[in-house]
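Notes follow in the order I looked things up.

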Amino acid sequence: MYAPRIPRTTVVRKLLRLARHPIPTFTQYGREYGANFLLHVGGERITHFTTDAEVARHVLQRNHRNYEKSEIQTDQMGRYLGFGLLTNSGNDWLRQRRLIQPGFHRKRLAALTTEMQSVITEECQQAAEQPSIDLFRFTRQLAFDIIVRALFTDGFGERETRRLHSILDKLQAYIIYPIRLPMLRRPLRWAGLERKHLALARESRQLVQRHIDRRKLRSTCDPAPNDLLQMLLDSRYEDTGEPMEDRQLVDEILILFAAGYETTANALAWTVWLLLRHPTEHERLRTSEEPGYLTQVIEESMRLYPPAWITDRVALGPDTANGFTIDKGVTLGLFIYGIHHSPQYYDEPEAFRPDRMHPDAKQQRHPFSYLPFGGGPRLCIGQHFAMLEMQLALRHLVDHYTVEAVGELPVPEPKPYVTLHQDRPVRVRLRPRTPG
Ligand code: HEM
C-alpha cells in the first residue's frame with residue numbers, strides 16, 4: 001500500500017509557502033493526509049514524508065542498509081563543508097565512523113569537562129558585564145568556543161577563532177538556498193555567490209590545516225594535549241594501521257564544527273527561553289535535588305524544538321516500511337519535528353512538561369518517537385558531548401545567575417534553517433546571584 005499522494009497541483013500552488021514555512025505546511029499536510037504522505041518536490045522527485053515512529057525505526061535502524069542520505073546531505077553540503085562523517089556515505093563513512101567513535105565515548109569526554117567549564121565560566125562572566133545580551137548570539141559564541149577548545153586545547157587564537165566562526169556561519173546560511181529552491185542554483189552561480197562561498201570554504205580549510213601543522217611540529221618532549229585533535233591524529237585504521245590523511249582530517253574537523261555548534265547553540269537558546277517562560281519549572285530546576293531534572297528539561301526542550309528538525313534518506317531498493325510501499329529511489333523525509341509534536345506519542349504535544357522525559361515515562365513510548373540525535377548506526381556522534389556541554393552551561397547559569405528577559409519576553413516561532421532557529425531576537429540580562 002502506498003501512502004496517500006498529495007496532488008501535484010496542491011503542491012505547486014503552495015510551493016512558495018512550502019519553501020518559506022516548511023514546518024506549518026508539512027504539519028497541515030499531516031493533519032489532512034495522515035502520518036505518511038507522498039509529495040512531489042520539484043520535477044519528478046517523490047518524497048515520502050513521515051511522522052510515523054515505526055517508519056523512522058525501519059529506515060534508520062531495522063533496514064538501514066537499504067537507505068542512504070540524499071545528495072543534499074552529502075554532495076551539496078560536502079562541497080562547502082567537506083566530506084566528514086556527517087556528509088560521507090557507504091564504506092568510507094563506516095571506516096571513518098569506526099575510527100572516530102572511540103574518541104566520543106562518554107568516559108573520554110569527561111577529560112574535556114574542565115576545558116568546557118572554563119569557557120562557560122569566562123563567557124557568562126563577560127555576558128554579565130553587559131547591560132543585556134542577545135540570547136542566541138551568546139549561546140552561539142559559547143558553543144563555538146567550546147568546540148574550538150575541545151579540539152585545540154592549546155588554543156586557536158582569538159582572531160582566527162572569530163574568522164572561522166564567521167565563515168562557518170556564512171556557509172551554513174548560504175547552503176540552505178540552493179537546497180530549498182533548486183531553481184536558484186544557476187542564478188546564484190551567475191551572481192558569483194557560489195564562487196565566493198567556495199573561496200570561504202577553502203579559507204576555512206587553510207585555517208584548520210595551519211593548526212594541524214603546528215600541532216604536528218610540537219616538541220615531543222611536551223605532553224600531548226588530551227583533546228579531540230590529538231585523538232584524531234593518534235587514531236589508526238583497523239585494516240592498514242595507518243593514520244588519517246591530512247585532507248580527511250580537515251574534513252572531519254570542519255564537520256565537527258558544522259554539526260556541533262549551531263545545533264547545541266539552538267538547543268541552549270530554546271532551553272533558556274523555555275525556562276524564562278515557565279517560572280515554576282525554572283524554580284524547580286534551581287532548587288531541585290534531583291540530578292536528573294536538568295537532563296529532563298534539556299530533553300523536553302529538544303522535543304519541542306529539535307535543532308535537527310528533519311533528515312532524509314533515499315531508498316536504494318524497493319522496500320516496505322510499516323506496511324507502506326517504498327519504491328527504489330524514493331526520498332524519505334523523516335520529519336523529526338512532526339514526530340515530536342505528534343499527538344499519537346505525546347498528550348498535549350505543545351506543552352512544556354519536563355516530567356515526560358523521566359526515564360519511566362520514556363519507557364512507555366515508542367523508542368523512535370524521540371529523535372533529537374537521530375537513530376540507528378548514524379546516531380549523532382556528538383550526543384554525549386552536546387549533553388555534557390548543555391548540562392554544564394545550564395547548571396552554571398542557573399546556579400550563579402538570575403537570568404531575566406529585558407522587557408516583555410518575546411514568543412519566537414521556530415525558523416527552520418539547516419537547524420531550528422528562533423525567528424526573532426530574545427534579549428536577556430544575567431545578574432550574578434549573591435550566595436545564600
Ligand atoms: C544539541 C546538539 C546536537 C543535535 C540536536 C545533533 C543532532 C544530530 C542528528 C539528528 C544527527 C543524525 C543525522 C542523520 O542521521 O541524518 C547528527 C549527526 C552527527 N552529529 Fe550531531 N547533533 C548535536 C551536536 C553535535 C555535536 C556537539 C557534534 C560534534 C562535536 C556533532 C557531530 C555530529 C556528527 C559528526 C554527525 C554525523 C554522524 C554520522 O553520520 O556518523 N553533533 N547530529
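Predicted model: local features only at pLDDT ≥ 70, side-chain atom pairs only at ≥ 80, totals over all residues.

**Entry 1: the ligand shell**

I counted who is around the ligand and got 27 residues, with W93, R97, T311, R313 and C380 coming nearest. By type, the shell splits into 17 nonpolar, 6 polar and 4 charged residues.

Where do the shell residues come from? The largest share is from α14, which gives 5 residues.

**Entry 2: the iron**

Which protein atom is the donor to the iron? I found a single one, SG of C380, 2.3 Å from the iron atom of the ligand. I then checked where C380 sits: it is in the loop between α18 (359-363) and α19 (383-400).

**Entry 3: the ligand oxygens**

Next I looked for side chains with an N or O atom close to an oxygen of the ligand. R97 has one at 2.7 Å. For R313 I also read 2.7 Å between a side-chain N or O atom and a ligand oxygen. R378 has a polar side-chain atom 2.8 Å from an oxygen atom of the ligand.

**Entry 4: H58**

I moved on to H58, which is in helix α4 (residues 53-62). Is H58 buried or exposed? The relative accessibility came out at 14%, and the cut-off for buried is under 20%, so H58 counts as buried.

The H58 side chain makes a polar contact of 2.7 Å with the side chain of D319. Leaving out residues up to four places away in sequence, H58 touches N63, H64, Y67, D319, T320 and A321. So D319 turns up on both the polar-contact and the touching lists for H58.

**Entry 5: H48**

My other histidine was H48, in strand β2. H48 counts as buried because its relative accessibility is 1%. Its side chain has a polar contact of 2.9 Å with the side chain of N36.

The list of residues that H48 touches, again without those up to four places away in sequence, includes A3, N36, F37 and L38. Also on it are F324, I326, V330, T331, L332 and G333.

Which strands pair with β8? Strand β2 (residues 46-50) runs parallel to β8, joined by 4 bridges. Here T47 stands opposite T331. β5 pairs with β8 in the antiparallel sense, over 4 bridges. In that pairing T331 is the bridge partner of V314.

**Entry 6: a separate look at another sheet**

Last, I traced an open sheet of 3 strands, in the order β4-β12-β9, with antiparallel pairing. The edge strands are β4 (133-134) and β9 (401-405), each pairing on one side only. Between β4 and strand β12 (residues 427-432) I found 2 bridges, in the antiparallel sense. D134 stands opposite R427 in β12.

Terms used
Residues numbered from 1 in each chain as written. Heavy atoms only, no water. Donors = N, O, S within 2.8 Å, 3.2 Å for Na, K, Ca; no water. Near = heavy atom within 4 Å. Polar contact = N/O pair within 3.5 Å; in protein donor to acceptor, adjacent residues only side chain to side chain. Nonpolar A, V, L, I, M, F, W, Y, C, P; charged D, E, K, R; others polar. Buried < 20%, exposed > 50% of the residue type's maximum accessible area, 1.4 Å probe, protein only. Contact = heavy atoms within 4.5 Å. Pairing = 2+ DSSP bridges.
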